Amino acid sequence: MRTFSHFALAMLGLASILLLHTSTSAPIDKSSPSAAAEEHSDKLPQVIKSVRLDQVYELAGEALPMSNFDAVERLDRELLVNSYWHSSTVLNIKNSRRYFPIMEPILLEEGVPEDFKYVSVIESSLRNVTSPAGAKGIWQFMKTSAKGFGLAMTSEVDERYHVEKATRAACQMIKRYKERFGTWTDAFAAYNIGETRFARERERQKMSSYYDMNFGAETGRYVFRVLAVKEILRNPSDFGFYLDEEDYYQSMSDFRLLTVDKSIPNLGAFASEKGISYRMLKVYNPWLISSSLTVPAGKTYQLKIPG
């Protein structure tokens, strides 16, 4: 009986300590997205839910046929995959703050729907990557296509890595596809599979809409992936992604343009002269793919000098 009394007293004391701690803890700042998410996660570490497809979805002003159960289920898949592929989607959200402000005015000037920027997310996750097939840059240009749209490629320069120039070239390409195939949806699909192959499939299948055509896994998912990424990046918190303002990657707009009309034999020495590191010169000018820059007679290059 005495042992029980000691145990009861001990438990009463512990309860008192916990009650005191709870009453004196600082309140959670619910105005912070990450704090609100933390409060929610304390209640349940992980909540897995299906996405409610309770609205009309559109891409570049063209509506998804919601009466087509196959199209709806394919969108559902991509919303779920990207919602629960946490690391990749968080990085895309962070990177979008850096690159979308560069792309948006170019798209506007070129008369291309703003939704086209989400194609770059699907193509490269907004990174200057190289595909197994040899496509390069944020917009994933193959060498032949890049040349056709005016992007320079030498042993020292590859403008597929030049965000502004590659974005403008991508706009020219997608406008050509739109003119040929009639809708932005079909143009986006052709951006993935290629203009010739898309035209051939339309003729073979006797269909004129992407949603009525049958493709392999990559192209069959492509437009739905673009639409899913659009929804998530526009409204991250609706899909469980909570980022504070400081979580986004900075815009890298703190630079001045320097016109170069003479060859630079050593970019490292050039960077030191300009008071920056070799690494930062390459970060701001990823299209410089060598340690030197040869400038032919009558030609100039513009370099971004940070700071």
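Modeller: A helix here is a DSSP run of H or I with at least four residues, a strand is a run of E with at least two, and both are numbered from the N terminus. On that count the chain comes to 12 helices and four strands. This is a predicted model, in which local features need pLDDT of at least 70 and side-chain atom pairs count only at pLDDT 80 or more, while totals for chains, interfaces and linings use all residues. Residues are numbered from 1 along each chain as its sequence is written, and side-chain values use heavy atoms, with hydrogens and water left out.

Colleague: Rings next. Why is the Phe198 and Phe215 pair called stacked?

Modeller: Rings of Phe, Tyr and Trp (its six-membered ring) pair if their centres lie within 6.5 Å; planes under 30 degrees apart are stacked, over 60 edge-to-face, and the rest tilted. Phe198 and Phe215 sit 5.8 Å centre to centre with 15 degrees between the planes, so they come out as a stacked pair. Phe198 is in helix H9 (residues 195–205) and Phe215 in the loop between H9 and helix H10 (217–234), so this pair ties together parts 17 residues apart in sequence.

Colleague: And what makes Tyr210 and Phe215 a stacked pair?

Modeller: Centres 5.7 Å apart and planes at 20 degrees, so that pair is stacked too. Ring pairs link Tyr210 and Phe215 with Phe181, Phe198, Tyr211 and Phe224 into a cluster. The structure holds 12 aromatic pairs.

Colleague: How do you know that Lys178 lies over the face of Trp184?

Modeller: The test wants NZ of Lys or CZ of Arg within 6 Å of the ring centre and within 35 degrees of the ring normal. Lys178 is at 5.4 Å from the ring centre of Trp184 and lies over its face. Lys299 does likewise over Tyr301, at 5.0 Å from the ring centre.

Colleague: Why is Thr219 called buried?

Modeller: Buried means under 20% relative accessible area, exposed over 50%, and partly exposed in between (1.4 Å probe, protein chains only). Thr219, in helix H10, has 7%, so it's buried. Leaving aside neighbours within four places in sequence, Thr219 is in contact with Ala189, Asn192, Ile193 and Tyr210.

Colleague: What about Lys206 and Met252, buried or exposed?

Modeller: Lys206, in the loop between H9 and H10, has 58% and is therefore exposed. Met252, in the loop between H10 and strand E3 (255–260), has 17%, so it counts as buried. Phi of Lys206 is near 60 degrees, a positive value, and phi of Met252 is also near 60 degrees. Most residues other than glycine have a negative phi.

Colleague: Why is H5 called largely enclosed by the rest of the structure?

Modeller: Eight of its eight residues are buried, so H5 is largely enclosed. Among them are Lys117, Tyr118 and Glu123, and the buried residues pack against H4, H8 and H10. Just after H5, Ser125 takes a positive phi of about 55 degrees.

Colleague: Which residues touch the most other members of the largest nonpolar core?

Modeller: A nonpolar core is a set of buried Ala, Val, Leu, Ile, Met, Phe, Trp, Tyr and Cys residues joined through side-chain atoms within 4.5 Å. The largest has 62 residues, and Phe116, Trp139, Phe141, Ile174, Phe188 and Tyr191 touch the most other members. Elements giving two or more residues to this core include helix H3 (69–84), helix H4 (86–110) and helix H7 (163–181). A second, separate core of 17 residues includes Leu258, Leu293, Leu303 and Ile305.

Colleague: What does Trp139 touch, beyond four places in sequence?

Modeller: Its partners include Met103, Phe116, Val119, Glu123, Ala170 and Tyr191.

Colleague: And how much of the chain counts as buried?

Modeller: 43% of the 307 residues. Among contacts with a separation of 6 or more, 60% come from residues 24 or more positions apart.

Key. Contact means heavy atoms within 4.5 Å.
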